[in-house]
Amino acid sequence: MSFFKSLAANSSVFTPREATMAMTQSSPYRVLLQRTGSSLRKTPSGNLFYFRESSSVQVFSLLKIAHYSNYSGEEFCSSSKRRSRGPVMAAKKASQGQKEEEGRYKHTVDLPKTTFGMRANALVREPEIQKLWDDHQVFKRVVNKNDRGKFVLHDGPPYANGDLHMGHALNKILKDIINRYKLLQNYKVQFVPGWDCHGLPIELKVLQSLDQDTRKDLTPLKLRAKAAKFAKATVKAQMSSFQRYGVWADWSNPYLTLDPEYEAAQIEVFGEMALKGYIYRGRKPVHWSPSSRTALAEAELE
């Protein structure tokens, strides 16, 4: 400290050789008395310090000293904060100026004026478009307009035993692609959706919703009534989901396997097969499920 004070008292110019001291610290900036909160102020008379690095030591050279002053720790910290905020503020001003520069020529670009949205906004727009199709009966009007011939795609019915999944979506959307392609080819497309409302999957769903005591008192007729009620409610839910997929079909006239008309048609076909000798009595293995207490079809063994 006394060395710096003596240098400050003497305003004469020292040669680099006379005013050179070897510093063994790893950083030459520690000589600025950071431990005591003091710093050296740079004056307009010239550069105050000159740093020269060598391979082993850091050489600190005093070229010219005008005067020496002490700052308190708070003044030093506040000045350092101001210096650190300077580049940040400059960058913000530069970015604002760049934005203003970019928007300067917007009015000179001749873009088309349209109400078409820049975003898809499918969550809102898709139901609106589907409602427009339904209100204007687009599917029926296109079918009635076409005159090339009739195209019928039979819909293999899904089970009415729960909500839709990816398998349902894949099945119905692929069928819808085929129907729309045939519409573009000027065919009269007929697509009647249907549901399988009988079978073990629906009965199992109903049994899972009942407690153990209710199952004991359940008769076959009661189980069938509960299964029919569950199937009809599921058909409504699945139909709404299929329509939300955007599938075009005759949704006002679907077929259900539990409808009396459908069951009567099945009995009629079975009677014709029996009269023609296609129905006979014989022996074959029947696969039985002990847990479900019912016979299993061969397709259910997988």
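This passage describes the predicted model of one protein chain, from overall confidence to local geometry.

The model is predicted: local features need pLDDT of at least 70, side-chain atom pairs count only at pLDDT 80 or more, and totals for chains, interfaces and linings use all residues. Residues are numbered from 1 along each chain as its sequence is written, and side-chain values use heavy atoms, with hydrogens and water left out.

The protein chain has a mean pLDDT of 76 (pLDDT is the predictor's confidence in each residue, from 0 to 100). A value of 70 or more is reached by 67% of its residues. Residues 1-5 have pLDDT below 50, with five contacts beyond near neighbours in sequence (contact means heavy atoms within 4.5 Å). Residues 11-73 also fall below 50, and that stretch has 82 such contacts in the model. Where pLDDT is low, the predicted coordinates should not be read in detail.

The chain contains nine helices and nine strands. These are DSSP runs numbered from the N terminus (helices H or I, at least four residues; strands E, at least two). Of its 302 residues, 23% are buried (buried means under 20% relative accessible area, exposed over 50%, partly exposed in between; 1.4 Å probe, protein chains only). Among contacts with a separation of 6 or more, 70% join residues 24 or more positions apart.

Asn 121 lies in the loop between helix 2 (73-102) and helix 3. Its phi is positive, near 50°, in a residue other than glycine. Asn 121 is partly exposed because its relative accessibility is 45%.

Asn 186 sits in the loop between helix 5 (166-184) and strand 5 (188-190). Its phi is near 75°, again positive in a residue other than glycine. Asn 186 is partly exposed, at 28% relative accessible area.

The axes of helix 6 (residues 200-208) and helix 8 (residues 220-244) come within 9 Å and cross at roughly 100°. Axes are lines fitted to C-alpha atoms, for helices over the stretch in contact, and angles run from 0 to 180 degrees between N-to-C directions. The two helices are therefore roughly perpendicular (65 to 115 degrees). Helix 6 contributes Ile 202, Glu 203, Lys 205, Val 206 and Leu 207 to the contact. Helix 8 contributes Leu 223, Lys 226, Ala 227, Phe 230 and Ala 231.

How values were computed: Angles under 35 degrees count as roughly parallel, over 145 as roughly antiparallel, 65 to 115 as roughly perpendicular and the rest as oblique.
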